Each structure stands twice: as structure tokens, then as C-alpha cells.
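Hi everyone, thanks for making time for this. Let me put the structure up, and then we can walk through it together.

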Amino acid sequence: MEITYKIVNYIIKAQTEIYLPDFKGSAFRGGFGNIFRKITCVLKRFDCLDCPIKQKCIYAYVFETIPDVSSNIMNMHKYEKVPHPFIFEPPLDRKKTFYPDEKLSLRVILVGKGIEFLPYFTFTIAELGEVGIGKGRGKFKIEEIVVSKVETLSLVNSNPSDKKVSKVDIRAITPIRIKHNRQLTDNLEFSIFIKALLRRLSLLYYFHVENKKPPIDVHKLLGLSEQIQKVKENTFWYDWERYSSRQNTRMKLGGILGEITYSGHLTPFVSYIKAGEILHVGKGTSFGLGKYEIVDME
């Protein structure tokens with residue numbers, strides 16, 4: 001099982017003062033979505049679910065990715081939405097005000113078939129700079145674009161030649177929002193973490209890469225995950241809000257930040273955990289939530 005992706009780094013320069021919230025991903029993705037719809041939506045319908053051409057629409061595919069409920073291959077009746085084929089990774093510092101000529105970096109990760117829509121992303125971000133972003137609609141221009149080659153994540157179960165891994169230490173860089181028993185959880189046991197990660201990777205593979213059931217023995221892996229222990233934890237719950245123009249309301253989007261160490265027979269999970277470093281985990285990934293890094297693995 002392989003998932004392809006491409007990283008695009010937009011270096012943007014402020015033209016007027018730009019005021020952004022602590023977590024900049026919501027501002028960029030929200031503004032991007034509004035303009036992307038104007039550019040790509042043909043019928044200008046409010047609800048993509050009722051659109052007769054949703055299966056052929058660029059906006060519906062990229063920004064309102066809708067599951068095909070007629071297919072039971074992935075038990076899609078369980079999911080209201082599926083992962084988008086993109087991730088916004090804005091600057092993570094707390095700097096809120098950018099003055100004219102100051103620069104900042106916006107990284108976008110395109111996944112699978114989403115890679116082919118790179119020109120639309122670039123045009124939309126350029127248009128967003130003209131319209132403005134954040135409080136006061138600060139303007140910017142794209143100064144430089146750095147595009148990686150297409151990379152491939154190989155997701156496989158372990159084989160006898162793999163290096164044995166018995167401990168992994170991960171650090172949540174942006175809030176990780178994972179639901180367990182239909183409730184957001186602040187207790188990230190390994191079984192809960194890996195279940196959310198396997199679900200995300202499987203759905204990305206099915207909807208944006210191969211359109212077929214991924215060759216993962218999820219049942220076996222989830223059984224093994226129950227034996228992994230959380231041996232050290234230094235985490236806290238971070239609450240923040242974003243305004244949704246589509247829903248005309250402020251939304252609380254808290255999640256876990258900090259560091260967790262897991263111990264046990266981790267070898268079968270290594271490729272999936274490494275993939276999550278790139279593709280994130282949990283809810284809100286399209287605007288940068290669920291980003292973590294592997295601090296140590298042994």
C-alpha cells in the first residue's frame with residue numbers, strides 16, 4: 001500500500017498589515033475555501049450534497065469530499081465526511097502581526113489525486129492575497145513557490161528483516177482531536193491513537209489514491225495495539241476557537257498538545273506512525289491540526 005504526496009511551500013510577502021490568530025491555519029484554509037469555490041464551483045449551490053454534478057466537480061472533490069454511500073467497501077455509512085486530499089501547514093509561531101514586506105511561509109501538502117490540482121491551489125492562494133486575510137483583510141503576494149517532487153509513503157506490515165522497535169516518543173505539535181466512543185478524548189492510549197491513524201490512512205488511500213480497499217489487516221493491528229502501553233505522558237488540553245463563515249458561528253476546536261511515550265511490540269506500526277508525521281491524525285487536519293513528530297524511536 002502506497003500513498004503519494006507533494007509538498008508545496010508558498011513564501012508570501014505582506015503588502016499591507018496582516019493580523020492573524022494564534023493558529024493561522026484556520027484563517028488560511030477558511031479564506032482559501034471561499035475563493036476556491038468561486039473559482040471552481042459551476043452551479044454555485046450552497047449544499048454540494050444536492051448538486052447533480054458533484055461527482056465531476058473540482059470543488060466538491062477537493063473541499064467537500066463526499067463519500068459514495070452506495071459503496072459498502074469501506075463501510076462508508078459510518079462516516080459523514082472523508083479526509084480532504086490536502087493539508088495546510090501555516091507557520092507555528094505565535095506572531096500575529098505581519099507588516100508590509102515581512103514574509104511568512106505557508107506549506108501545503110497535496111495527497112494522491114489532489115496533486116493534479118496544484119495549479120488551482122496556486123491561483124486560489126494568489127487570489128486570496130488580493131482579497132486579503134485575517135482581521136482587516138491584510139493583503140499579500142506570493143514571493144516564491146518551492147515544490148517538492150512527488151514522494152511515496154510505503155505502508156506495510158513488518159517483516160522479519162525490520163529493525164525491532166519497542167518504544168516510540170511522539171510530540172503533538174498542533175492540537176490532536178480524536179474521538180473515542182463518539183466523544184473527544186484527552187486520554188490518548190495507543191489503541192485509540194493508532195485506530196484513528198489507520199482510519200485516516202485507509203480513507204486517504206481509498207478516496208484519493210487507488211479507489212479500492214487498502215491491503216491492511218486492521219483487525220489484527222488493532223488487536224496488537226491493545227498490548228502497547230502508555231508509559232510516560234506530558235500533555236495538556238489546548239482550547240481555541242475559529243469562526244466558520246459557512247455555519248455563521250464560532251467553533252471550539254480544542255485538542256491534545258505535548259509528548260507521549262508508548263512501549264511494547266511497536267514494529268508492526270512503524271510505517272504507519274511515520275506516515276502520520278506527514279499526513280497528520282485526527283480531526284481538522286486540512287487546516288493543520290493533528291501534526292506530530294517522532295521525537296525518539298528505539
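In which sense do β3 and strand β5 pair, and over how many bridges? The pairing of β3 with β5 (residues 103-111) is antiparallel and runs over four bridges; two strands pair if DSSP finds at least two bridges between them.

A quick word on where this comes from: it is a predicted model, where local features need pLDDT of at least 70, side-chain atom pairs count only at pLDDT 80 or more, and totals for chains, interfaces and linings use all residues. Residues are numbered from 1 along each chain as its sequence is written, and side-chain values use heavy atoms, with hydrogens and water left out.

Now the overall picture. The chain has six helices and 15 strands; these are DSSP runs numbered from the N terminus, with helices being H or I of at least four residues and strands E of at least two. Of the 298 residues in the chain, 49% are buried. Here buried means under 20% relative accessible area, exposed over 50%, and partly exposed in between, with a 1.4 Å probe and protein chains only. Among contacts between residues at least 6 apart in sequence, 75% join residues at least 24 apart, where contact means heavy atoms within 4.5 Å.

Back to β3 for a moment. In a regular strand the side chains alternate between the two faces of the sheet. Both faces of β3 (residues 86-89) are covered: Phe86 and Phe88 on one side are buried, and so are Ile87 and Glu89 on the other. Across in β5, Val108 stands opposite Phe88.

Next, a sheet. Four strands form an open, antiparallel sheet in the order β11-β14-β8-β15. At the edges are β11 (229-238) and β15 (292-297), each pairing on one side only. On average, neighbouring strands here are turned by 10° against each other, direction ignored. Inside the sheet, β8 (residues 167-176) pairs with β14 (residues 255-263) in the antiparallel sense over seven bridges, and Ile176 has Ile256 in β14 as its bridge partner. Helix α6 lies across β8 and β15, running at about 140° to β15. For angles like these, axes are lines fitted to C-alpha atoms, for helices over the stretch in contact, and angles run from 0 to 180 degrees between N-to-C directions.

That brings us to the helix pair. Two packed helices are described by the angle between their axes and the distance between the axes. The axes of α4 (residues 190-210) and α6 (residues 270-279) come within 10 Å and cross at roughly 70°. That makes α4 roughly perpendicular to α6, a label used for 65 to 115 degrees. The contact involves, among others, Phe190, Phe193 and Leu197 of α4 and Tyr272, Ile273 and Leu279 of α6. By type, the contact residues are 11 nonpolar, one polar and one charged. Nonpolar covers Ala, Val, Leu, Ile, Met, Phe, Trp, Tyr, Cys and Pro; charged covers Asp, Glu, Lys and Arg; the others, Gly among them, are polar.

Pro21 sits in the loop between β2 (18-19) and α1 (25-40), and is partly exposed at a relative accessible area of 34%. Pro21 and Lys95 are 74 residues apart in sequence, with 8.6 Å from C-alpha to C-alpha. Gly223, in helix α5 (residues 218-225), counts as partly exposed at 38% relative accessibility. The C-alpha atoms of Gly223 and Ser191 are separated by 8.5 Å, with the two residues 32 apart along the chain.

Definitions and conventions
Parallel < 35°, antiparallel > 145°, perpendicular 65-115°, else oblique.
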